[in-house]
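User: I'm new to this one, and I'd like to go through its aromatic rings with you. Could you bring it up?

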Amino acid sequence: MTAREWTVEESLECAAPPHALHRAVSDLRRMKEWSPEVIGVWRRGDRFVGFNRRAGWVWFTHCRIVVDEPGREFAFDVATFGLPVARWGYRFAPTADGGTRVTEYWVDHRRGGWRARIAETLGLLFTGTPAGRRATRNRAGMRATLRRVCAACELP
């Protein structure tokens, strides 16, 4: 049995500038193009609802943008029924060859107490994934997301 992972990061070098990558991931209407789970987003200001699907499971989350620094970082906090779930984000670092090292990260906010146990139970019911296995699923999704974002932003 392995210890639960509370934070996951995946990175990829892209032949695109940081601002182009930031622009792509911060345009939340396009998130369904990048993420293997997202099927739609409804945004109002710095808040949005994310609609997600994995196999036969469908769920939604309430999100709030917490970092929006063009060319540097974009991040949002995720909650379900007012319970904190996680932070998702993207960091952009220029590379020497004019490209960008883009890092997608996830930090599990379901830590300790009755609220975390409820959020974990809801997560299992909505996604079909136990909290202890979410990091592994997220890592695979992040790799797919980063490949898609880079492919869309790289110049031919």
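User: How many aromatic pairs does the structure hold?

Analyst: This is a predicted model, and the structure in it holds five aromatic pairs. One of them is formed by phenylalanine 60 and phenylalanine 81, whose ring centres are 6.0 Å apart; their planes stand at 65 degrees, over the 60 that is required, so the pair counts as edge-to-face.

User: Where in the chain are phenylalanine 60 and phenylalanine 81?

Analyst: Phenylalanine 60 belongs to strand 4 (residues 57-69), while phenylalanine 81 lies in the loop between strand 5 (73-80) and strand 6 (83-94), so that the pair links distant parts of the chain, 21 residues apart.

User: And what does phenylalanine 81 count as, buried or exposed?

Analyst: Phenylalanine 81 counts as exposed, because its relative accessibility is 53%, whereas phenylalanine 60, at 32%, counts as partly exposed.

User: OK, on to the tryptophans: how are the rings of tryptophan 88 and tryptophan 106 arranged?

Analyst: Their centres are 6.5 Å apart and their planes meet at 50 degrees, so this pair is tilted. Tryptophan 88 is in strand 6 and tryptophan 106 in strand 7 (residues 100-108), 18 residues apart, which again makes a link between distant parts of the chain. Both of these tryptophans are buried.

User: Which residues do ring pairs link into a cluster?

Analyst: Phe48, Phe74 and Phe76 are joined into a cluster by ring pairs.

User: Changing topic, which ring does the charged end of arginine 91 sit over?

Analyst: The charged end of arginine 91 sits over the ring of tyrosine 105, at 3.9 Å from the ring centre. Arginine 115 has its charged end over the ring of tryptophan 114, 5.9 Å from that ring's centre.

Definitions and conventions:
Residues are numbered from 1 along each chain as its sequence is written. This is a predicted model: local features need pLDDT of at least 70, side-chain atom pairs count only at pLDDT 80 or more; totals for chains, interfaces and linings use all residues. Side-chain values use heavy atoms; hydrogens and water are left out. Rings of Phe, Tyr and Trp (its six-membered ring) pair if their centres lie within 6.5 Å; planes under 30 degrees apart count as stacked, over 60 as edge-to-face and the rest as tilted. Helices (H or I, at least four residues) and strands (E, at least two) are DSSP runs, numbered from the N terminus. Buried means under 20% relative accessible area, exposed over 50%, partly exposed in between (1.4 Å probe, protein chains only). A charge sits over a ring if NZ of Lys or CZ of Arg is within 6 Å of the ring centre and within 35 degrees of the ring normal.
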